[in-house]
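Please read the report below alongside the sequence and the model.

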Amino acid sequence: LYAHNFRRMWDSYLEWISNIRVNTQAVLKRAQHIQGQKICRNQWQAAWLLKGVTCIDLTTLAGDDTPSNVHRLCLKAIQPVRYDLLKKMDMHNKGVTTAAVCVYPSRVADAVMLLKNSNLPVASVATGFPAGQTPLETRLQEVRRAVADGATEIDIVINRTLALTGQWKAMFDEIRQFREACGDAHMKTILAVGELGTFTNVYKASMVAMMAGSDFIKTSTGKEAVNATYPVAIVMARAIRNYFLRTGHKVGFKPAGGIRTAQECLVWLALIKEELGNDWLSPHLFRLGASSLLADIERQIYHYVTGQYAAYNELPIA
C-alpha cells in the first residue's frame, strides 16, 4: 500500500516538474530591479548588517584547515563584532552571534568541543563535497560520521549528472537516503547551480530537493566557476514560495560562494524580504554561506559607530 501511494505521489510530482519552464528574460529583469534599488543608510543600514551577521554560516573549507584554524573561527562566530562597537549600539546584551560554523567532516569534532558552552550549531559539508562523485555508500557514511561527531546541520551536494540528464526520480531517491542518514540534523541541499546549465534545471532541482525532505536549498559549494547570483536566487526563491503555497511547508534558502561585501549582504536581505517575506529573514530560514563577508560588515559597523573607516589591521582577524 505504501509503495502504491508513493508511486502515485511521485507521478503527480513528476508531472508537476515536467511542466516547469522558467522565463529567463523575466528573471534577469527582476534581478536587475532588485540590484538597482537604493540601499538603506545610517542606523537602518547598521541594523540590517547586524541582521546579516546573525544569518552567516561562518565557514572554513580549505585544504589546510587545522584545529587551530577552527578554534579561531569558532571564537569569531561567538563574538563576530567587536564588543565595544556593539556596546555603543546598545546591542552588547542581545547575543549577536553568527548562525553556525561550517567545516569539513574531519573538523566537526574540533568545532563541537570548542562550541560546547554556546548555543551555536556546527554544520558539516558531506556527500563527497564539492563534486559529489564518490560512491553512494561512501557519501552516506560521511553523513553518518559527521552526525555521530556532533554536527547538527549537514550540507549535502547533489549528483549533478542526475539533474543534467533529467533523472529526477534517481536524484529524489538519493536525497531521501541522505535525509534518513541525517536523522535529527537539519539538511541543506547544495544544487551547485553553476553546473546545472539552465534556470529551468535549477528550478526543477530545487523542487526535487524540497520534495525529498531538504530543510534548506543552497546555491553552491563555493568551488564552482559561478556561485551565488541574484538571478539564480530569484529562481530558487520562487521555487520555495511555490512549494510553500502547494504544501504549506517552509523551506530555507542559503546563497553561498562569492559573497564578500556588506553591500552584497544588504542586497541579499532585500531580495529575500521581497521574494519570500519577513518570515524568511531569520537564521531558521535564511543563511549566508561566507568566509570573508564578516570582515567587511564589521568594517562598515565601525564606520557607523566612529564616523571613519578603520584600516583592516585595526580590526581583529578571524
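## Basis

This is a predicted model, in which local features need pLDDT of at least 70 and side-chain atom pairs count only at pLDDT 80 or more, while totals for chains, interfaces and linings use all residues. Residues are numbered from 1 along each chain as its sequence is written, and side-chain values use heavy atoms, with hydrogens and water left out.

Helices (H or I, at least four residues) and strands (E, at least two) are DSSP runs, numbered from the N terminus. Buried means under 20% relative accessible area, exposed over 50%, and partly exposed in between, with a 1.4 Å probe and protein chains only.

## Helix α2

Helix α2 covers residues 24-35, and its 12 residues should span 16 Å at 1.5 Å a residue; the end C-alpha atoms are 17 Å apart, which agrees. The expected span is 1.5 Å times one less than the number of residues. At the start of α2, the backbone nitrogen of Q25 has a side-chain oxygen of N23 within 3.3 Å. A polar contact is a pair of N or O atoms within 3.5 Å; within protein, one must be able to donate a hydrogen and the other to accept it, and residues adjacent in sequence count only if both atoms are side-chain atoms.

V27, A31 and I34 are the buried residues named in α2. They lie on the same side of α2, because they cover an arc of only 65° around the axis; the arc is that of the directions from the helix axis to the C-beta atoms. An α-helix has 3.6 residues a turn, so residues three or four places apart point the same way. The face turned away from the buried side of α2 carries Q25, K29 and Q32, which are exposed. Packing of the buried residues of α2 is against α10 (199-211), α11 (230-247) and α12 (262-276).

## Nonpolar cores

A nonpolar core is a set of buried Ala, Val, Leu, Ile, Met, Phe, Trp, Tyr and Cys residues joined through side-chain atoms within 4.5 Å. The largest one has 99 residues, of which I154, M171, M207, F253, W268 and I297 touch the most other members. Helix α11 gives the largest share of this core, 10 residues.

Another core lies apart from it and has 7 residues, among them C102, A123, F129 and I190. Contact means heavy atoms within 4.5 Å. Leaving aside neighbours within four places in sequence, M207 is in contact with W16, I20, A239, N242 and Y243.

## Aromatic pairs

Rings of Phe, Tyr and Trp (its six-membered ring) pair if their centres lie within 6.5 Å; planes under 30 degrees apart count as stacked, over 60 as edge-to-face and the rest as tilted. The structure holds 4 aromatic pairs. One of them is the edge-to-face pair of Y104 and F129, at 6.0 Å centre to centre with 75° between the planes. This pair links distant parts of the chain, 25 residues apart: Y104 is in the loop between β2 (100-103) and α6, and F129 is in the loop between β3 (122-125) and α7 (136-148). Y104 is partly exposed at 22%, whereas F129 is buried at 11% relative accessibility.

F244 and W280 also form an edge-to-face pair, with ring centres 6.0 Å apart and planes at 80°. F244 lies in helix α11 and W280 in the loop between α12 and β8 (288-290), 36 residues apart. F244 is partly exposed at 28%, while W280 is buried at 4%. Y230, F253 and W268 form one aromatic cluster.

R160 is in helix α8 (residues 160-164) and is buried, with a relative accessible area of 6%. A polar atom of the R160 side chain lies 3.1 Å from the backbone oxygen of I158. Not counting residues up to four places away in sequence, R160 touches P130, A131, G132, L191, A192, E195, L196 and E224.

D110 belongs to helix α6 (residues 108-114) and is buried at 17% relative accessibility. With residues up to four places away in sequence not counted, D110 touches P67 and V70.

## Backbone geometry

Most residues other than glycine have a negative phi, and most peptide bonds are trans. The peptide bond from F129 to P130 is cis, with omega near 0°, and P130 lies in the loop between β3 and α7. T127 is in the loop between β3 and α7; T127 has a positive phi of about 60° although it is not a glycine, and is buried at 0% relative accessibility.

N42, also not a glycine, has a positive phi of about 55°. N42 lies in helix α3 (residues 42-53) and is exposed at 52% relative accessibility.
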